[in-house]
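Have a look at the picture before reading on.

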Amino acid sequence: MTTIIDGNAVAEEIRDGLADAIDALDEAGVKPGLATVLMSDDPASETYVSMKQRDCEEVGIEAFDYELDPETPADELYSLVDDLNDDDEVHGILVQMPVPDHVDDRTVLRRIDPAKDVDGFHPENVGRLVAGDARFKPCTPHGVQKLLDAADVETEGADVVVVGRSDIVGKPMANLLIQKAEGGNATVTVCHSRTDDLAAKTREADIVVAAAGVPELVTGDMLSEGVVVIDVGVNRVDADNEKGYELVGDVEFESAKEKASAITPVPGGVGPMTRAMLLWNTVKAAAEAEGVDVDL
Ligand code: NDP
């Protein structure tokens with residue numbers, strides 16, 4: 001029997017667990033605030049931002065919505081970030097990526113006050129994560145850790161293959177998994193587009209985390225019996241339906257399910273967890289900024 005790991009259910013538990021912390025903040029007269037900055041007319045980015053705002057409102061986080069025309073000069077974005085850094089009602093700042101080409105994304109990420117960097121992408125926060133002293137764990141890999149925990153998957157001593165080495169998923173995922181800490185202590189192999197014989201690597205894994213952005217890259221024949229498969233990928237592929245597309249992961253679900261002891265679906269696996277962990281980081285940021293003790 002393969003367990004289908006239900007990301008929606010685990011995300012719901014995470015949100016419920018945040019309620020106590022939000023109550024504690026409320027008693028101290030603090031409402032956590034998240035500012036989202038959108039500088040794009042890409043429909044997917046617009047959808048992500050509006051979902052994040054809706055999530056905030058549902059749990060009692062104030063969502064501050066900033067939209068800049070994609071033609072806006074980069075300096076205006078930087079000064080908006082400066083203003084948000086100085087705004088006491090804003091505890092977390094999220095600039096939706098990608099930003100237009102005339103804006104240097106590294107400059108934006110460095111401009112955000114590390115104490116408000118709820119995505120966890122500021123170099124100071126990346127450094128702290130690597131050093132085993134994370135302030136904000138990046139939302140997607142943190143969500144994967146929580147999913148593995150909820151599914152009772154032991155990472156200690158496990159051989160894990162992470163497919164993908166991006167700064168937002170693959171690298172922080174690998175870093176979290178090798179930490180000498182709960183949810184870590186794994187032996188990690190990080191694969192990427194130059195990896196020779198990916199299938200030989202994935203076949204050796206107890207856990208595969210696929211984050212390549214390639215539809216159905218990982219197929220059942222690349223996996224060993226009993227493997228745990230976490231599919232981070234979200235890819236739009238043409239489909240004969242009303243929308244004209246459907247979402248598929250980086251794993252070929254049907255063939256992988258035949259081998260896996262547990263697997264995440266797409267959608268409904270990692271995606272909801274990413275959103276939940278953003279709320280988590282925002283509540284944490286508010287608690288730390290305001291000196292309120294919360295149990296997270
Ligand atoms: P990137 O494009 O930034 O990185 C993809 C990584 O995969 C790169 O390291 C790349 O290698 C590697 N890769 C590409 N092709 C192959 C291949 N054939 N074999 C092995 N490795 C390969 O993507 P992201 O990390 O941002 O995102 C990955 C996927 O996860 C996407 O589908 C994205 O939409 C999804 N995503 C989902 C989230 C969620 O909440 N569910 C959140 C964030 C992302 P190289 O470095 O050599 O180019």
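What follows covers the ground rules, the ligand's surroundings and a pair of strands.

## Ground rules

This is a predicted model, where local features need pLDDT of at least 70 and side-chain atom pairs count only at pLDDT 80 or more, while totals for chains, interfaces and linings use all residues. Residues are numbered from 1 along each chain as its sequence is written, and side-chain values use heavy atoms, leaving out hydrogens and water.

## Around the ligand

So who sits next to the ligand? There are 21 residues around it, and the closest are Arg165, Ser166, Ser193, Val234 and Thr274 (a residue is near if one of its heavy atoms lies within 4 Å). By class, that shell has 10 nonpolar, 10 polar and 1 charged residues; Ala, Val, Leu, Ile, Met, Phe, Trp, Tyr, Cys and Pro count as nonpolar, Asp, Glu, Lys and Arg as charged, and the others, Gly among them, as polar. Helix α10 (residues 270-290) gives the largest share, 3 residues.

Strands β2 (residues 33-38) and β3 (residues 62-67) pair in the parallel sense over 6 bridges (pairing takes at least two DSSP bridges; helices are DSSP runs of H or I with at least four residues, strands runs of E with at least two, numbered from the N terminus). Gly33 has Glu62 as its bridge partner in β3.
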